[in-house]
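I opened this entry to look up a pocket, a helix and some ring contacts. My notes follow the order in which I checked them.

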Amino acid sequence: MEDQVEKLKNSNTWDKFRFLAKDSFVYGGLSALTKFFSIFLTPVLTGFLAKEEYGNMDILNPILATSATIIVFGMDSAVARFYYNTDDVVQRKLVVSNAFWTQIVVSGLILILLFLFKEEFLSLYLGVSNNNKQAGILFILMILIFFTTPIRFAQNLLRWTFKRKQFLILSIGFILVNFISIILSVKFMQDKLEAVYLGQVIPSVVFALLSLFFLRPHLVFKIETRLLRKMLIYGIPLVIVAFIPALVPAIDRYVINKHLGLEDVANYGIGYRIASFVGIPILSINTALGPFILSLYKEKDAERIFNLILNAVIIVISTLIMIISIMSPLFLNILASKDFSEGLLVVAPLCFYLLVEMQRTISSVGIDLSMKTYWNLILYPLSTIILYIILEILTPRFGIFGAANALMISGIINYILFTIVGIRLFPIKYNLGDKILVMLLAYGICLLNQFYLSDTALQGILAFLNSLFF
């Protein structure tokens, strides 16, 4: 592992790009597929579930992601930071073990709270859409929350320690077995909505055991309290870093359900699934950039390399978004039916929201590098307030299109705030204005392609010319 890091530091710019591309494909690509694998289930689920049931599923799914980020408790970032602070094998085992047992304890506490207050939670979150069936599904979600904790921890550790083979086995295996199990459950069980979640239980148990096997060389049954205290001081502020983005799918769907109803949640969910096609390469690159930046940030040309990479990402991903936006009616026919056609309105703004968020996480890296992660305790709650206010303003007036644009607008505001703070805390500067202007130009071209061209043949020609102009 150390040899790979040293080799990366001594390589030229092109070789750094190649290293990043390779890790983006291996670690990032599989992490992204794990997160967005529901895309490939969508044609099956829209075929078996009624539109309101699909909306029900789409509003319940964020509970898993939100719980997961709380359970991580900032320990994934703490492991990455403290693991490389020492070459001592025993000390590294203590770092890993402190983080792992902390996550197990936190997952247990979350399950207890959900069990004790499940009725109050569902009533608050779902409002008038709450019904008895959702309480049973929440219990299944609690089982999934517990057993996916070691899987997620193992994936993170294997990525940070460059254990590609084990990472591939765990990630690909879990995706495939989960996929097959859900399809079989939905096909043969009577209650289709419940089957979606029951189908994930057995794969989660099996791969949780496999994860423990992979983690075995790194774990000891001991917690070093002094080290844990340092890790918590570093990691707890980062809970907010992970929690707020994970909370966004719950906030936007909550506001849409509140003002528009579950059918519009379903339309929005399908649009998000289509936008998730661009989320896969974005998350792939973002996942690989973490170790990449930590390995190179002390180098003299780090600022030039990072800006060059982010500029290239904007151009490539923006062009990909244009292609996805043009082809979104085709994707809709593959994933669902014309009943969900309103979901096409949200594809472009959600795609650019994902791109802006990716840029923000990198340009604000100065907060982490300076070790002043307490800034996240200010910025992330502020970003949530901004998002909620804009959602409440735009959603009642413009429907799900307003909700999607609320995400993108709040994302740009947060991008500016986080980048300014990151630059002031650590001397790596980013040409922020140029990046935002290019993304807004690309978004304007997507809107032009989507809304102002009615003839199909003409749309294809002009959309190509617009993309070529970009």
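I started with the second largest pocket, which holds about 370 Å³ of space. This is a predicted model, so I am reading computed values throughout. I counted 15 lining residues for the pocket. Thr66, Phe121, Tyr125, Leu247 and Ala250 lie nearest its centre. Helix H5 (62–72), helix H7 (89–116), H8 and helix H13 (225–259) each give two or more residues to the lining. By class I noted 13 nonpolar residues, two polar and no charged ones.

Next I looked at H8, residues 118–126. Which residues of H8 are buried? I found Leu122, Tyr125 and Leu126. Just after H8, I noted a positive phi of about 60° at Gly127.

Then I went to the rings. I found 11 aromatic pairs in the structure. One of them joins Tyr54 and Phe340, edge-to-face, at 5.9 Å centre to centre with 70° between the planes. Tyr54 sits in helix H4 (residues 51–60), and Phe340 in the loop between helix H15 (302–335) and helix H16 (347–363). The two are 286 residues apart, so I logged the pair as a link between distant parts of the chain. Both residues are buried.

I also logged an aromatic cluster of Phe100, Trp101, Phe153 and Phe221.

Last, I checked lysines over rings. Lys51 lies over the face of Phe340, 5.3 Å from the ring centre. Lys118 lies over the face of Phe115, at 4.6 Å.

How values were computed. Residues numbered from 1 in each chain as written. Predicted model: local features only at pLDDT ≥ 70, side-chain atom pairs only at ≥ 80, totals over all residues. Heavy atoms only, no water. Buried < 20%, exposed > 50% of the residue type's maximum accessible area, 1.4 Å probe, protein only. Helix = DSSP H or I, 4+ residues; strand = E, 2+ residues; numbered from the N terminus. 1 Å grid on protein atoms, 1.4 Å probe; cavity = no way out; pocket = protein on both sides within 12 Å on 5 of 7 lines; lining within 4 Å. Points joined across faces, edges and corners; volume = space filled by probe spheres on them. Nonpolar A, V, L, I, M, F, W, Y, C, P; charged D, E, K, R; others polar. Phe/Tyr/Trp six-rings, centres within 6.5 Å; stacked < 30°, edge-to-face > 60°. Lys NZ or Arg CZ within 6 Å of the ring centre and 35° of its normal.
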